[in-house]
Structures are given as C-alpha cells and as structure tokens.
Amino acid sequence: MIHNPTAGRRRRRHLESVVAAAQALGATVTCRETGRRGDAEDFAALASADDFDAVIAAGGDGTVNEVLNGLGAGQGGLALGVIPLGTANVLACEIGLDPDDVDSVARTVTFGPARRIHVGLANRRRFLLMAGAGLDAHVVAGVSTALKRRAGKLAYVVESLRQAVGYDFPKLTVRADGVEYEARMVVACKGRFYGGPFIAAPDADLATPMLELCILPNTGVAGMLRYGIALPLGKLPALPEVQVVSARNILITGPRGAPVQGDGDIVARLPAEISIADETVDLICP
Ligand SMILES: Nc1ncnc2c1ncn2[C@@H]1O[C@H](COP(=O)(O)OP(=O)(O)OP(=O)(O)O)[C@@H](O)[C@H]1O
C-alpha cells in the first residue's frame, strides 16, 4: 500500500480501520508513506511481483495516477487497487466503491476481482480516468491543497469561478482520428465520471480501448456556469453545443505550454497527443 498522507482530508483513522479490516480478512499489508509528489510513482516502480500481488494506492485520484505510472515503469505482474482518501475520488465512483464503507473497501482490496483496463496516454504519461485542456486544467493547476482540505469538492467550484473571471478562453484545435474540431475546453474521457459522481461521457468504459472526447465550445463565466449546472444534472453531454465523439488518437493544440490535466493533476503541456496505451492494467474492483 502506498499512502499519500496529504490527500483529501487526511483521514488517517479511516485508513487504519480499512487496513485492520483487510488484515482480519487475511491480507498482508506493507505500507509506504509518500513524503512528496513523485514518491508514489517511484515506490510503485520498485514493487516486485515476487513480493506482492498488488499495489494499493491509498489517496486520491492523483495518487492512483502516480501508482499507475510507476507500475508502467516497473517489471509488471502487479494489480492496481485503491483505498479512496481523496477529494473527488472519481475512480471510486467509476468502479462503484463507497469510500466511507470500511468493510467494502477492505474486502475489495483483499479479494478483488481485477478487471483488465485500457489506460490512456497524454504525451506518454498514463491516465486512468480523463485528460483535458482548457479551463479545467487551469482550475486543477490553481486549486490549493489548503482550499481542497477546507472545502472538499466545493474547492473546484470556487476555483472554477475564480479562474473563469480572468481566463481568456484561448481557442484549442482538436484533431480526433483525423477529424478537426474547435473547442475552448476539451476532455478525453476513459471513464464515464467527471469531477465526482457526475456523468460526462455515458458511453465511456475503462475496459474498452477507446476515448470519449467531450468538446466544449463556450467561453466566459456564463458559458462555464452553463456547463457547471448541466454536469451535476447529468445533462452536459446532451447540451446542443457540446459534442461527444469516440476517438483513439487525439492531438490538442493551443497556447504552447498550457497545462493538460490527467486524473485531476497536471500531467502534460500543450501540444498534447492523447491516445490509448498498448499495455493494459489489472484494476481491483468491487
Ligand atoms: N507526501 C506528499 N506531500 C505532498 N504532495 C504529495 C505527497 N504525496 C503525494 N502528493 C501529491 O499530492 C497530490 C494530490 O493527491 P491526490 O490527488 O491523491 O489527493 P486529492 O487531490 O485530495 O484527491 P483527488 O485527486 O481525488 O481530488 C498529487 O499530485 C500527489 O502527487
């Protein structure tokens, strides 16, 4: 288990309960705690299938992303699991795992089963859930850990409004499997959920080697409010100006060096090539 002690609201007691429950079910758990960004990736890369069955990311989606990339750099043969401790926990929504249900999380990481998952690549870095450019990447880059701890998911709403006011919504050109689109924000979804328990790409599936690309053309605070209201109502993909297209190879161009978020952390800069990785990952699910 690789634990990010800074994730979410730092629920150490909750984690201890999950580990105790997993041990009671027969799991042998070795814990390594991260001391800084990048540690989870390094620890996962060093884990060997001779010693362990799986690497469990205890943290938020950013920690899972680091472990995913570490496993990709390692010897292989290890499954990936999650003890969700983050702010948004989008992966937990995706696999139907209730982060607060100690017994269910413990049973899941102990007994699996593991599902074979196709992961995405953004400029060769792996992502599990989504990668995007435009306002959402700026929000991810700007939201502070302190605000996330105080306000939880609401931190992203506050930061989105703050950023939307000063942001100039530069044009992004998106080439998806040879077809060109114009956007102000674009999210390539590997999973269905976005920002929490909100469905942005109903046809996306972790186990399918395909991306569902959400192309958002609106600008300004009013445009973002429209998306921000439609998303929790499940109506974002149905908005008339929003396009959702399936694609495997995507190139996003726009302001050089603009941030690209992957699984809720900045993982690349524009221009960004987004595609499906050749290798798969075994993801432990309820
Ligand atoms: N010990 C550490 N100190 C500081 N940052 C860390 C440490 N360990 C990991 N990180 C970084 O913390 C960032 C946030 O972690 P994570 O995404 O897991 O939590 P979160 O942001 O609260 O949750 P979510 O992504 O679900 O909203 C990640 O970018 C990760 O690289």
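1. Helices H1 and H5 lie oblique to each other. Their axes cross at roughly 55° and come within 8 Å. H1 covers residues 12-24, and H5 covers residues 102-111. Axes here are lines fitted to C-alpha atoms, for helices over the stretch in contact, with angles from 0 to 180 degrees between N-to-C directions. Angles under 35 degrees count as roughly parallel, over 145 as roughly antiparallel, 65 to 115 as roughly perpendicular, and the rest as oblique.

2. A word on the source. This is a predicted model, where local features need pLDDT of at least 70, side-chain atom pairs count only at pLDDT 80 or more, and totals for chains, interfaces and linings use all residues. Residues are numbered from 1 along each chain as its sequence is written. Helices (H or I, at least four residues) and strands (E, at least two) are DSSP runs numbered from the N terminus.

3. H1 passes H5 in a right-handed crossing. (Right-handed means that the near helix is turned clockwise from the far one by less than a right angle; anticlockwise is left-handed.) H1 brings Ser17, Val18, Ala21 and Ala22 to the contact. H5 brings Val102, Asp103, Val105, Ala106, Val109 and Thr110. Residues are in contact if their C-beta atoms, placed from the backbone, lie within 7 Å. By class, the contact of H1 with H5 has seven nonpolar residues, two polar and one charged. Nonpolar covers Ala, Val, Leu, Ile, Met, Phe, Trp, Tyr, Cys and Pro; charged covers Asp, Glu, Lys and Arg; the others, Gly among them, are polar.

4. UniProt, in an unreviewed entry, places "domain: DAGKc" at residues 1-126. Such positions follow the numbering used here, feature names are shortened, and annotations may be inferred rather than shown by experiment. Over residues 1-126 the chain is 40% helix and 21% strand. The end C-alpha atoms of this stretch are 20 Å apart.

5. Next, the ligand. The shell around the ligand holds 24 residues. A residue counts as near if its C-beta atom, placed from the backbone, lies within 6 Å. Gly60, Gly62, Thr63, Gly86 and Thr87 are the closest. Two elements give two or more residues to this shell: helix H2 (39-46) and helix H3 (61-73). H3 supplies the largest share, four residues. The shell divides into 13 polar, seven charged and four nonpolar residues.

6. Helices H6 (residues 135-142) and H8 (residues 154-166) form another pair. Their axes come within 9 Å and cross at roughly 115°. H6 and H8 are therefore roughly perpendicular to each other. The crossing is right-handed. From H6, the contact takes Leu135, His138, Val139 and Gly142. From H8, it takes Tyr156, Glu159, Ser160, Gln163 and Ala164. Four of these residues are nonpolar, four are polar and one is charged.

7. H8 also packs against helix H9 (residues 220-230), with axes that come within 9 Å and cross at roughly 155°. That makes H8 roughly antiparallel to H9. H8 passes H9 in a right-handed crossing. Val157, Ser160, Ala164 and Val165 of H8 meet Val221, Met224 and Gly228 of H9. This contact has five nonpolar residues, two polar and no charged.

8. Some backbone details deserve a check. Most residues other than glycine have a negative phi, and most peptide bonds are trans. Arginine 10 has a positive phi of about 50°, yet is not a glycine. Arginine 10 lies in the loop between strand E1 (2-3) and H1. Glycine 112 and proline 113 are joined by a cis peptide bond, with omega about 5°. Proline 113 is in the loop between H5 and strand E5 (114-122). Leucine 270 and proline 271 are also joined by a cis peptide bond, with omega about 0°. Proline 271 sits in the loop between strand E15 (265-269) and strand E16 (272-284).

Terms used
Contact = placed C-beta atoms within 7 Å.
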